[in-house]
Amino acid sequence: MTTSQTNNQLAPRQNTQVDLSPQTFEQALTFAQYLSDSNMVPKDFQGKPANCLIAMQWGAALGLKPLQSLQNLAVINGRPALWGDAVIALVLASPVCDYVTEEDDGTTAVCRVRRKGGAEQVRSFSMEDARMAGLAGKQGPWTQYPKRMRQLRARAFALRDVFPDVLRGMAVAEELQDM
């Protein structure tokens, strides 16, 4: 084996990943149709290219790529909402976020956040809050995963209150589902 062959074999590969983000409205329409024809998008988007297109646009406003948009946006009662960990991911990726910490003592979830240059803000959500809201004992995740639901509720309050610009005023899906 010659030196040039060895060097070619050891040379780093260039990233050949293709970014399918549409650059024109026509490309977005075509991409939305392909996505809506796929069974790899959530059911709310299957067969609905217009919903795919709108979700891609909402996602773009939040800094999400098209596929991230369809996986992290939900349509709840006709309103787009951020789903699950996308909320905290967007905030943590933002340069204005100093930190986000979460804890749960078994009855109350607490989320502490600080925006760069600001004071720490604390939001909590307890089982008593869940009872008052009619959520405790509700069939579904409130019965199966109460700790996670408390965490998501405390997190949503903190992040929406302190980082509304990062989230662009977008609702949180878990909250909308409980309404």
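Visitor: What am I looking at, and how are the residues numbered?
Guide: Residues are numbered from 1 along each chain as its sequence is written. The model is predicted, so local features need pLDDT of at least 70 and side-chain atom pairs count only at pLDDT 80 or more, while totals for chains, interfaces and linings use all residues, and side-chain values use heavy atoms, with hydrogens and water left out.

Visitor: How many helices and strands does the chain have?
Guide: Ten helices and six strands.

Visitor: Is the chain spread out or compact?
Guide: More spread out than a compact globule, because its radius of gyration is 21 Å, well over the 16 Å that the globule rule gives for 179 residues. That radius is taken over C-alpha atoms, and the rule is 2.2 Å times the number of residues to the power 0.38. The C-alpha atoms fill a box of roughly 70 × 40 × 35 Å along the principal axes.

Visitor: What share of the residues counts as buried?
Guide: 35% of the 179 residues. Buried means under 20% relative accessible area, exposed means over 50%, and partly exposed is in between, using a 1.4 Å probe and protein chains only.

Visitor: OK, strands. What's the order in the open sheet?
Guide: It goes β1-β2-β6, with mixed pairing. β1 (73-76) and β6 (171-172) each have a single partner strand, so one side of each has no neighbour in the sheet. Two strands pair if DSSP finds at least two bridges between them.

Visitor: How many bridges join β1 to β2?
Guide: Four, and the two strands run antiparallel, with β2 covering residues 79-82. Ala74 stands opposite Ala81 in β2.

Visitor: And what do β3 and β4 form?
Guide: A hairpin, with three residues between the strands. Gly106 sits in the turn and has a positive phi of about 105°. β3 (residues 97-104) and β4 (residues 108-115) are antiparallel and share seven bridges; Val100 has Val113 in β4 as its bridge partner.

Visitor: Which residues does Val162 touch?
Guide: Val113 again, plus Arg115 and Gln121, not counting residues up to four places away in sequence. Touching, or contact, means heavy atoms within 4.5 Å. Val162 lies in helix α8 (residues 146-162) and is buried, with a relative accessible area of 12%.

Visitor: New topic: where is Ser21?
Guide: In the loop between α1 (3-10) and α2. Ser21 counts as buried at 17% relative accessibility. Leaving aside neighbours within four places in sequence, Ser21 is in contact with Lys65 and Pro66.

Visitor: How much space is in the largest pocket?
Guide: About 200 Å³. A pocket is found on a 1 Å grid over the protein atoms alone, using a 1.4 Å probe: an open set of points with protein on both sides within 12 Å along at least five of seven lines, with lining residues having an atom within 4 Å of a point. Points are joined across faces, edges and corners, and the volume is the space filled by probe spheres set on them.

Visitor: Which residues lie nearest its centre?
Guide: Pro22, Ala28, Met56, Gln57 and Ala60, out of 13 lining residues. α2 (25-37) and α3 (49-62) are the elements that give two or more residues to the lining, and α3 gives the most, with four.
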